[in-house]
Amino acid sequence: MRLTFREFELPLRHVFTISRSSTRTIRTLIVELEHDGLRGFGETGEDEFYGASIAKMKESLEAVRPLIESRPPCEPAELWAELAPKFGGNTFAQCALDQAVWDLWGKVQGSPVWRLWGLDASRLPVTDYTIGIDQVDVMVGKMEEFPGWPVYKIKLGTPQDLEIVGRLRHHSDAVFRVDANCAWTADEALRNARALKLLGVEFIEQPLPREDWDGMRRLFRQSALPIIADESCQTEPDVDRCAECFHGVNVKLVKCGGLTPAKRMIDHARSLGMKTMVGCMVESTVSISANAQLLPLLDYADIDGALLLGEDIASGVRIDAGRVILPEENGCGVRLLR
């Protein structure tokens, strides 16, 4: 296999704000693996909160280049296990490579990845569309750009959180989900959950700081709405700990190291009776198409990252009013557009 990678800086459709940060553009790294004319693609983006920089990711990928380029395509889970110690916990770089390996492996095998896993893609959960924090009128406008969406995810973490959701409710009868990105206390979360339930909210994602396990155990027992882990569920060992503190987990590929561990995390969470979800960062259709391979295993999906971009760089999975349309091509079905 031959390993190459390229950097892109992608403008967003709107400034994207969550409780801890705002961004106008994303810097992303596309990893390409080529073998006998077939190409597999993976992606990872910079994220200051998780200490993920393009420079660190490229350094990690260069360290495994000799091992990658000395062999033909092989079963991705075996390769992931062999290379994991060499990444030193750099899951963002590991994720991009693992996505590319699965995309290439599926193309070599002549099958979509979900079918290689023996999954049934006839019934897939819809994906929400995310509304970042802004002035309420602007948030309404963002929602109206994607009318008729079955589910909207609303970012919260302001003094006006309940007012925001109440105002948005006047403009849509869709299901709402809310994500506070660690911004609330346990007392706030309990109060807000009661009010949000009356506003048609389905669940709350990561209301408390990721290390507040005592507070999350309290919410797990007392909350009027289900609580879904995000920042508290990053890698495989976190699933067991979340089982007594959350009703479900949101698995993100960049945080756990790719499709290989993500599928294991989802399978394990399901075995523990937890709800399962896959989420994304703001990212292109390269990574979104990898995320989509997991949809048959999920209760909820949040894979709208490419819709938040002003310009995409790839084709693959398509999304039509929340309905995810898997590509006809093999692997993850990804092609770069530039």
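Which residues lie nearest the centre of the largest pocket? They are Ser21, Thr23, Glu46, Asp47 and Met281, part of a lining of 32 residues. A pocket here is an open set of points on a 1 Å grid over the protein atoms alone, where a 1.4 Å probe fits, with protein on both sides within 12 Å along at least five of seven lines, and lining residues have an atom within 4 Å of a point. The space in this pocket comes to about 730 Å³, a volume being the space filled by probe spheres set on the points. Strand 2 gives the largest share of the lining, 7 residues, and strand 1, strand 2 and strand 5 each supply at least two.

The model is a predicted one, in which local features need pLDDT of at least 70 and side-chain atom pairs count only at pLDDT 80 or more, while totals for chains, interfaces and linings use all residues. Residues are numbered from 1 along each chain as its sequence is written, and side-chain values use heavy atoms, with hydrogens and water left out.

Strands are DSSP runs (E, at least two residues), as are helices (H or I, at least four), numbered from the N terminus; two strands pair if DSSP finds at least two bridges between them. Strand 2 (residues 21-35) is joined to strand 3 by 8 bridges, and His35 stands opposite Leu38.

Just after helix 3, Gly110 takes a positive phi of about 75°.

A second open sheet to explore has 8 strands with parallel pairing, in the order 4-5-6-7-8-9-10-11. Its edge strands are strand 4 (129-131) and strand 11 (300-302). Within this sheet, strand 6 (residues 175-179) and strand 7 (residues 201-205) share 3 bridges, and Val178 has Ile204 as its bridge partner in strand 7. Helix 6 (residues 161-169) lies across strand 5 (151-155), strand 6 and strand 7, at about 160° to strand 6.

Technical notes:
Contact means heavy atoms within 4.5 Å. Axes are lines fitted to C-alpha atoms, for helices over the stretch in contact, and angles run from 0 to 180 degrees between N-to-C directions.
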